[in-house]
Amino acid sequence: MYVTEQNVIAILFDCDDTLCEDATTFVLKRRDVDVRTFWESVDKLVREGWDPPLAYMDKIIQMVQSGQMSDLTNERLRRLGADVEFFPGIPQMFDELKELISQTEEFQEAGVTLEYYVISSGFEEVIRGSKIAKFMKDIFACTFAADPKTGVLRLPKSIVTFTEKTKFVFAVNKGIPGSVLRKRPYEVNNVISEGQRRVPFRNMIYVGDGPSDIPCFSLITKNGGHGIGVFKREAVKKGYQLAKGKRLTVGPYPCDYREGQPLRTMLEHIIREIGLDIALRRQRRFVSAPRYS
């Protein structure tokens with residue numbers, strides 16, 4: 001049976017409170033929305049049984065329809081994304097980690113590559129407009145459908161709930177590009193043998209900060225991958241709660257991605273560990289291959 005090279009290391013990031021402050025709150029503040037009132041109304045919907053992403057997207061649409069944000073379009077969301085500030089070390093880290101791969105002889109010989117993905121319950125257009133977008137292999141997040149004539153947001157188009165995030169993990173695992181998944185979502189359920197999957201779970205690192213990331217942490221770590229918990233320095237309690245669930249491989253660490261910081265050091269350590277495992281597996285395949293005289 002054909003076996004893929006499986007030499008890709010994939011780092012999958014949550015976005016809000018993992019790579020940056022909450023981007024939805026950022027958008028609301030830029031549009032002069034009372035943030036506290038907004039989130040209190042969303043929390044009320046959640047207590048009534050709404051999925052959190054659908055609850056806050058519905059509130060956004062209500063404000064568009066009421067005239068409070070009547071000019072909000074996907075294009076405007078993307079422009080707002082350009083002003084989102086990220087935690088220390090982002091986006092420089094993305095190039096620096098790839099340099100780590102390119103400067104390691106064993107990794108180059110084994111054809112090891114590094115890819116980045118965002119899987120978020122935030123707004124996809126905001127992330128696509130931000131300074132991290134160009135570093136991402138793909139971005140999966142919530143989207144809005146817009147009026148075809150005016151471009152004004154009309155209703156939620158796709159939402160990324162807690163467990164919905166795992167769909168995108170499987171897409172990365174099976175090598176299904178986002179461009180294909182968006183048009184043919186059921187392809188993620190196709191049977192693909194472990195040896196034919198482009199990015200095995202053992203080659204994955206998931207970085208996240210809270211409850212919405214737990215299904216991804218559990219899926220990846222139970223299948224041999226790595227989960228790194230992070231927290232903002234002012235949210236120590238949240239970090240403790242994440243660690244208490246025992247779904248992480250390591251962490252949680254403060255959201256500081258600069259070289260020499262604990263989070264960055266651990267990321268580099270895990271990347272090296274996965275890279276060496278890929279190189280060793282490649283070497284074993286060559287050694288065990290039958291030889292004919």
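1. Helices (H or I, at least four residues) and strands (E, at least two) are DSSP runs, numbered from the N terminus. The model is predicted: local features need pLDDT of at least 70, side-chain atom pairs count only at pLDDT 80 or more, and totals for chains, interfaces and linings use all residues. Residues are numbered from 1 along each chain as its sequence is written, and side-chain values use heavy atoms, with hydrogens and water left out.

2. Just after α8, G175 has a positive phi of about 80°. Helix α8 itself covers residues 164-174 and is largely enclosed by the rest of the structure, because eight of its eleven residues are buried (under 20% relative accessible area, 1.4 Å probe, protein chains only).

3. The buried residues of α8 are K165, T166, F168, V169, A171, V172, N173 and K174. They pack against β1 (8-13), β2 (113-123), β3 (138-146), α9 (178-183), β5 (204-208) and α10 (214-222) (contact means heavy atoms within 4.5 Å).

4. A pocket here is an open set of points on a 1 Å grid over the protein atoms alone, where a 1.4 Å probe fits, with protein on both sides within 12 Å along at least five of seven lines; lining residues have an atom within 4 Å of a point.

5. The second largest pocket is lined by 17 residues, with E124, A141, T143, S158 and R182 nearest its centre. β3 gives the most to this lining, four residues.

Methods:
Buried < 20%, exposed > 50% of the residue type's maximum accessible area, 1.4 Å probe, protein only.
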